[in-house]
Every structure is written in C-alpha cells, then in structure tokens.
Amino acid sequence: MKVLVADDDPGSLLVAQAAVERAGHDCLAAANGDEAWGLYLEHQPDVVVTDWMMPGMDGLALCRAIRSRGADLYTYIVMLTSQDSRDDVLAGIEAGADDYVTKPLDPFVLRARLLVALRITTLHADLAHYRKVLSQQARTDPLTGLHNRLKLAEDLEQLHARSVRYGEQYSLAMCDVDNFKAYNDVYGHQAGDLALRAVAAALRAQARKSDGVYRFGGEEFLLVFPHQSLLRAKACMERALDAVRDLAIPHRGDPSGQLRLSAGISTFSPTEGRDPEALLGAADAALYAAKAAGRDRVELAG
C-alpha cells in the first residue's frame with residue numbers, strides 16, 4: 001500500500017514512518033496538513049495516517065477534504081491524537097476517519113491498524129472493479145459487443161447538449177439489415193446472429209474513433225457522427241454499406257442474393273433546434289424511405 005503520514009511533531013512522524021516502512025508499505029511524510037493535502041492530491045495514497053492538531057489544515061479538515069473528493073478508490077484514514085475522550089473520537093469519525101490511535105504512538109498498534117486498512121482498501125478496490133465491469137456490461141449489447149440503447153441515450157444527451165452550446169452539427173444514421181426476417185427463415189437464428197456480428201464488426205471498422213456505433217434493436221443499428229454534416233455523414237454511410245457488401249454473405253431471401261444494409265440519415269442543425277428524439281424519428285423515417293426506394297441505399301431526412 002501507499003501510506004501518507006502527516007504529523008507536525010518530528011519525533012512522532014519518524015516513529016510512524018518507520019512503522020509503516022517496517023510493515024512493507026511505501027510511505028509519504030508530511031510535516032503539516034497543507035503539505036499532506038498536496039501529497040494526497042499528487043499521489044492518491046491508499047491510507048492516510050494524520051495527526052489531529054497541526055498548523056494550517058488540521059486532521060479534521062484533512063479528513064473532510066479527502067471525503068469530499070468522492071474518489072472511486074477508497075482512502076482509509078487513521079487519526080492520531082492525544083485526545084482520547086469519547087467526544088473527540090466521535091468528532092474524528094464524523095469528519096471521515098475510519099479509526100484512531102492515541103499518542104504517544106505505539107508502532108505495534110499502528111501496524112495492526114494498517115492490516116485492517118489493507119483488508120478494507122482491497123475490498124473497496126474489488127468492489128470498484130466489479131461496479132465498473134457491471135456498468136460496462138449494462139451498456140453493451142451482448143450479441144455484437146456494440147454499445148446498447150442505454151449507452152446511446154447517455155452519449156446522445158451529452159453530444160446534443162455540447163452541440164447546442166457550441167453551435168455544432170452532428171448526424172445520426174439509422175441502419176437496418178434488408179430482409180433479415182427472410183434470412184432467419186432460410187438460414188436459422190444462429191446464422192442470423194453470426195450475420196449480425198459480422199455487420200456490427202464492419203460498421204465499427206468503418207467508424208472514426210469519435211463516432212458512436214450502437215445496436216438499436218433487432219437488426220437495427222445506429223451510428224452517431226459528431227461534427228458531421230448531412231452530406232459528410234452520407235459519404236460515411238456509403239462506405240459502411242460498401243463494407244457490408246464486401247462481406248459477401250449469401251442471402252437467398254434478398255433480390256441481390258447477398259446480405260445488404262439500408263440507412264436513413266438526419267442531422268442536427270443549431271438553427272433548427274430539433275431534439276434527439278425528433279432526430280431519431282427523422283432518421284427512422286429516412287430509413288423507411290430507403291426501404292421503399294428499393295433497399296441497399298442511403299436516404300437523407302428532409
């Protein structure tokens with residue numbers, strides 16, 4: 001672990017530092033609260049062992065400052081104090097400390113506290129990891145590995161707000177695999193899943209790093225093009241349709257004999273002010289126009 005020790009008493013600071021290092025941990029030392037806060041921000045230690053009474057930022061203020069940051073990883077705080085009344089202990093805990101040790105410091109007691117701190121910080125790190133994994137899974141389509149509609153809603157809200165604020169354009173492309181029900185009827189749902197994965201990979205390969213590719217539902221996909229006009233987005237989607245054609249997936253239920261894609265595009269313009277729902281509806285209407293016009297093409301929203 002990385003342990004920060006803060007104490008304005010040089011002797012007590014040396015004792016604490018030696019106890020931390022003998023326990024096998026990396027130690028950062030601070031002679032006052034302000035220095036400790038700077039070291040905390042720079043190094044993000046796992047544990048902070050801080051004196052109560054220090055010049056500048058005292059131990060209570062340091063605890064409150066650390067807790068107010070709301071960092072993903074938990075910092076375990078041990079308060080060092082010569083004050084051992086119940087009210088003082090409660091004040092330290094209420095300020096954010098996890099434990100306390102009275103002075104003069106006993107190195108054995110501090111090492112025991114560090115063992116507890118190791119268990120607690122390890123548990124919090126594991127929980128943070130699992131939360132991150134679960135959050136990613138909740139926003140990922142399990143079949144294709146693309147972002148799902150939950151992630152789309154979050155990303156689109158942010159993109160729209162930024163575009164309104166800075167007067168920027170962005171475009172949406174709604175895509176649909178042509179005659180996909182017929183494909184499943186002829187080749188089976190397992191083959192249909194493989195085809196959807198292949199189409200998703202082709203779309204992702206064609207997208208820029210800043211673009212978003214999402215599975216909208218069933219055989220529908222949505223592409224988000226930040227800073228792209230209607231015509232530039234159309235050029236991007238034409239390349240995407242070419243990439244799907246290049247897959248050369250046989251499809252007896254389609255007049256072309258191969259799996260194809262249709263798309264409809266809408267664009268946000270700061271002068272028009274349409275919201276994301278209206279843009280999605282316009283892109284969907286353009287997609288239906290592409291289907292009505294013979295499929296395997298890109299149509300633009302009016």
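## The second largest pocket

Helix α5 (residues 107–138) is the biggest contributor to the lining of the second largest pocket, giving 5 residues; helices here are DSSP runs of H or I with at least four residues, strands are E runs of at least two, and both are numbered from the N terminus. This is a predicted model, in which local features need pLDDT of at least 70 and side-chain atom pairs count only at pLDDT 80 or more, while totals for chains, interfaces and linings use all residues. Residues are numbered from 1 along each chain as its sequence is written, and side-chain values use heavy atoms, with hydrogens and water left out.

The volume of this second largest pocket is about 170 Å³. In total 14 residues line the second largest pocket, and Q44, P45, D46, L73 and Y74 lie nearest its centre. By class the lining has 8 nonpolar, 5 polar and 1 charged residues (Ala, Val, Leu, Ile, Met, Phe, Trp, Tyr, Cys and Pro count as nonpolar, Asp, Glu, Lys and Arg as charged, and the others, Gly among them, as polar).

For the grid-minded: on a 1 Å grid over the protein atoms alone, a pocket is an open set with protein on both sides within 12 Å along at least five of seven lines, whereas a cavity is a set of points where a 1.4 Å probe fits but cannot get out; lining residues have an atom within 4 Å of a point. Points are joined across faces, edges and corners, and a volume is the space filled by probe spheres set on the points.

## The largest pocket

The largest pocket holds about 200 Å³ of space. D155, L159, S210, Y214 and P226 are the closest to its centre among the 14 lining residues. Two or more lining residues come from each of α6 (149–166), β7 (212–217) and β8 (220–226), and α6 has the largest share, with 7 residues. The lining divides into 6 nonpolar, 4 polar and 4 charged residues.

Searching the whole structure turns up 1 cavity of 30 Å³ or more. The largest cavity has a volume of about 40 Å³, and W52, M79, D88, V89 and Y100 lie nearest its centre among the 11 residues lining it. Elements giving two or more residues to this lining are β4 (76–81), α4 and β5 (99–102); the largest share, 4 residues, belongs to α4.

## Helices α3 and α4

Helix α4 (residues 86–95) also packs with helix α3 (residues 59–68): their axes come within 8 Å and cross at roughly 25°. The axes are lines fitted to C-alpha atoms over the stretch in contact, with angles from 0 to 180 degrees between N-to-C directions. The two helices, α3 and α4, are therefore roughly parallel (angles under 35 degrees count as roughly parallel, over 145 as roughly antiparallel, 65 to 115 as roughly perpendicular and the rest as oblique).

L60, C63, R64 and R67 of α3 meet A91, G92 and A95 of α4, where contact means heavy atoms within 4.5 Å. This contact has 4 nonpolar, 1 polar and 2 charged residues.

## Backbone details

Most residues other than glycine have a negative phi, and most peptide bonds are trans. Q44, in the loop between α2 (33–43) and β3 (47–51), has a positive phi of about 50° although it is not a glycine. The peptide bond from K103 to P104 is cis, with omega near 5°, and P104 sits in the loop between β5 and α5.
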